[in-house]
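Here are my notes on the model you sent over.

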Amino acid sequence: MMELTNRPRRLRTSPALRKMVRETRMDKSSLIYPMFVREGENIKEEIPTMPGQYRYSLDRLPQALAEVADAGVPSVMLFGIPDHKDECGTGAWSEDGIIQRAFRLAKREVPDLYYIGDVCMCEYTSHGHCGILDGEYVDNDKTLEYLARIALSQVQAGADMVAPSDMMDGRVAAIREKLDENGYCTVPIMSYAAKYASSFYGPFRDAAGSAPAFGDRKSYQMDYHNRKEAVKEVFSDLDEGADIIMIKPALSYLDVIRDAAEQIDVPVAAYSVSGEYAMVKAAASLGYVDEESIICETATSIYRAGAGILLTYFAKELAKFMDQGRIG
Ligand code: PBG
């Protein structure tokens, strides 16, 4: 026998011990499940690029929400897909817009879930950009008033929290001011603080019909070469009053999640986006990887990087794996 003082393998000798010494702990209470609602009746249509994820018409929504709650996932983020779009995304803040009706219904039918509204314009604008256009450029300051209005309308309809995903400068402050003026000073803001211009959103844009009609989102979403800039974005959102900050996407941005977690004292969320989901589903369906193991490993890596909250299309599966003690 070798005289080895350190034998790291000692702590790997049994399942109970391995669980005892786990460094990363996670819990179902940290999961948020993104869902899509659309106009129409009796619709539960599978999103072709996101197998296993659906667009629901309002009448089919409560059943789907009940399944989320039954799985032990405490929170959902809702995305609306309107029938009609226009230049200024009117459908995003109208009182009888799809998302406003969804929140009212959801709060009434499945009140135990915690509801988060994604605040953005791209699903509602005819040009598919996340704000008001000036020529082909998204006008930052003009867009702020619209975002604030969208956030307020979602909260009035019942959203418990709002999450601006547009990446305009100053939107957190604009939303905070609008909510406070209207008596909603206790409604938190989770800002998509560092949201990169990413090809990982491709399947989402199919799902929501929100791909830009021209150009791309690089004049407002971040350049993926940058890491320090994410820290700057995070701090400026905190200054403006963000309560939770989010990094998005997750898997290719674990370093950014780590930076945020180390440098700030507010909760850090990570959004494992549609393309991350689609890649796992595609590879698993071909038999190239084992789906369940890959779901567990990738999600754990995001928590290990420092996220305390995870938005993921695998939320229901992860809740089950946590119940089984496979991870967590
Ligand atoms: C809206 C928004 C997007 C996502 C969340 N909110 C799309 C985008 O920025 O193009 C992407 C979510 C995903 O890919 O799962 N701006």
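**Notes on the predicted model**

1. Let's begin away from the ligand. N42 sits in the loop between β1 (31–38) and β2 (44–47). Keep in mind throughout that this is a predicted model. N42 has a positive phi of about 50 degrees, although this residue is not a glycine. For context, most residues other than glycine have a negative phi, so it's a spot to look at on your screen.

2. The peptide bond running from K248 to P249 is cis, and its omega is near -10 degrees. Most peptide bonds are trans. P249 itself belongs to the loop between β10 (244–248) and α8 (254–263).

3. K248 turns up again once you look at the ligand. A polar atom of the K248 side chain lies 3.4 Å from a ligand nitrogen. S165 also has a polar side-chain atom facing a nitrogen of the ligand, at 3.3 Å.

4. How much of the ligand does the protein bury? Taken alone, the ligand exposes 400 Å², and the protein buries 100% of that. The space that the ligand takes up is the largest cavity.

5. Now for who surrounds it. There are 19 residues around the ligand, and K195, R205, K248, S274 and Y313 come nearest. By type, the shell splits into 10 nonpolar, 3 polar and 6 charged residues. The elements giving two or more residues to that shell are β9 (190–195) and α6 (202–208).

6. Next, the database side. UniProt, in an unreviewed entry, puts a "binding site" feature at R205 and R217. In the model, R205 and R217 are both part of the lining of the largest cavity. R205 is found in helix α6, and R205 is also among the residues that come nearest to the ligand.

7. The "binding site" annotation from UniProt (again an unreviewed entry) covers S274 and Y313 as well. How far apart do these two end up in space? They are spread over 40 residues of sequence, yet they cluster, with a largest C-alpha distance of 7.4 Å. The lining of the largest cavity includes S274 and Y313. S274 is located in helix α9 (residues 274–285).

Definitions and conventions
Residues are numbered from 1 along each chain as its sequence is written. This is a predicted model: local features need pLDDT of at least 70, side-chain atom pairs count only at pLDDT 80 or more; totals for chains, interfaces and linings use all residues. Side-chain values use heavy atoms; hydrogens and water are left out. A residue is near a molecule or strand if one of its heavy atoms lies within 4 Å of it. A polar contact is a pair of N or O atoms within 3.5 Å; within protein, one must be able to donate a hydrogen and the other to accept it, and residues adjacent in sequence count only if both atoms are side-chain atoms. Accessible areas come from the Shrake-Rupley method with a 1.4 Å probe; for residues, only the protein chains shown count as cover. On a 1 Å grid over the protein atoms alone, a cavity is a set of points where a 1.4 Å probe fits but cannot get out, and a pocket is an open set with protein on both sides within 12 Å along at least five of seven lines; lining residues have an atom within 4 Å of a point. A molecule sits in a cavity or pocket if more than half of its atoms lie within 2 Å of its grid points. Helices (H or I, at least four residues) and strands (E, at least two) are DSSP runs, numbered from the N terminus. Ala, Val, Leu, Ile, Met, Phe, Trp, Tyr, Cys and Pro count as nonpolar, Asp, Glu, Lys and Arg as charged, and the others, Gly among them, as polar. UniProt positions are given in the numbering used here, feature names are shortened, and annotations may be inferred rather than shown by experiment.
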